[in-house]
Amino acid sequence: MISQAMQDTFNKQINEELFSAYLYVSMANYFEHTSLKGFAHWMRLQSEEELAHTRRFVTYLNDRGGRVVLDAIAAPQIEWDSPLAAFEAAYEHECHISACINAMVTQSVEEKDHASHAFLEWFVTEQVEEEANADDIVQQLKLMDGAPGGIFMMDRELAQRSASADPAPAE
Ligand code: OFO
């Protein structure tokens, strides 16, 4: 049975993951609105990954005899100044999520909750990839410095993103 304190932390993280999904849907809509369909596609898949992350946390909490308590999801920003500004915001958000996961790991160690510690390892690794994916695009956008040809090429490249090969476990 999971402790009340750890259950509360997992529920807070479930809200963070749902907000992440919401944020990336909002970014997808921003890109749709600016006719950057490839960027929008990338963000929609990112949002779906966040829902998969949510399902992992929900399944785990239920398996440990915890109670999932859903809270209101904050409204995300809807406008950004440029594709670069949106991806910088995505990168900063992923750094925030990494900090949340790291704090959860610390709590699991302090509570000697080995099951939660083992479960969270997947997310520690995942966050390395999540930060790197957003940062790669930030760096490429910086290099092209707003050149329309570069943005057009990148839009075609981001349209090629396919869904993650590592789906979340069934609930
Ligand atoms: Fe983007 O990793 Fe979950 O939130």
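Visitor: How many disulfides does the structure hold?

Guide: This is a predicted model, and the structure in it holds zero disulfides.

Visitor: What about Cys95, where is the closest cysteine sulfur?

Guide: The closest cysteine sulfur to that of Cys95 belongs to Cys100 and is 11 Å away, which is too far for a bond. Cys100 likewise is in no disulfide, with the sulfur of Cys95 as its nearest cysteine sulfur.

Visitor: And is Cys100 buried or exposed?

Guide: Cys100 counts as buried because its relative accessibility is 13%, under the 20% cut-off, whereas Cys95, at 27%, counts as partly exposed.

Visitor: Okay, switching to helices. How do H2 and H4 cross?

Guide: The axes of helix H2, residues 37-63, and helix H4, residues 114-144, come within 12 Å and cross at roughly 170°. That angle makes H2 roughly antiparallel to H4, since angles over 145 degrees count that way.

Visitor: Which residues in H2 and H4 meet?

Guide: From H2 the list includes Phe39, Trp42, Glu49, His53 and Tyr60, and from H4 it includes Phe119, Trp122, Phe123, Glu126 and Glu130. By class, this contact of H2 with H4 has 11 nonpolar, four polar and five charged residues.

Visitor: How many of the residues of H2 are buried, then?

Guide: Of the 27 residues of H2, 19 are buried, so the helix is largely enclosed by the rest of the structure.

Visitor: What span should H2 have, and how far apart are its end C-alpha atoms?

Guide: At 1.5 Å a residue, H2 should span 39 Å, and its end C-alpha atoms are 39 Å apart, which agrees.

Visitor: What follows H2?

Guide: H2 is followed by Gly65, which has a positive phi near 80°.

Visitor: Last topic, Ser98. Where does Ser98 lie, and what is it in contact with?

Guide: Ser98 lies in helix H3, residues 83-110, and is buried, with a relative accessible area of 8%. Leaving aside neighbours within four places in sequence, Ser98 is in contact with Gln127 and Glu131. Ser98 and Val124 are 26 residues apart in sequence, while their C-alpha atoms are 7.3 Å apart in space.

Note on methods. Residues are numbered from 1 along each chain as its sequence is written. This is a predicted model: local features need pLDDT of at least 70, side-chain atom pairs count only at pLDDT 80 or more; totals for chains, interfaces and linings use all residues. Side-chain values use heavy atoms; hydrogens and water are left out. Axes are lines fitted to C-alpha atoms, for helices over the stretch in contact, and angles run from 0 to 180 degrees between N-to-C directions. Helices (H or I, at least four residues) and strands (E, at least two) are DSSP runs, numbered from the N terminus. Angles under 35 degrees count as roughly parallel, over 145 as roughly antiparallel, 65 to 115 as roughly perpendicular and the rest as oblique. Contact means heavy atoms within 4.5 Å. Ala, Val, Leu, Ile, Met, Phe, Trp, Tyr, Cys and Pro count as nonpolar, Asp, Glu, Lys and Arg as charged, and the others, Gly among them, as polar. The expected span of a helix is 1.5 Å times one less than its number of residues. Buried means under 20% relative accessible area, exposed over 50%, partly exposed in between (1.4 Å probe, protein chains only). A disulfide is a pair of cysteine sulfur atoms within 2.5 Å.
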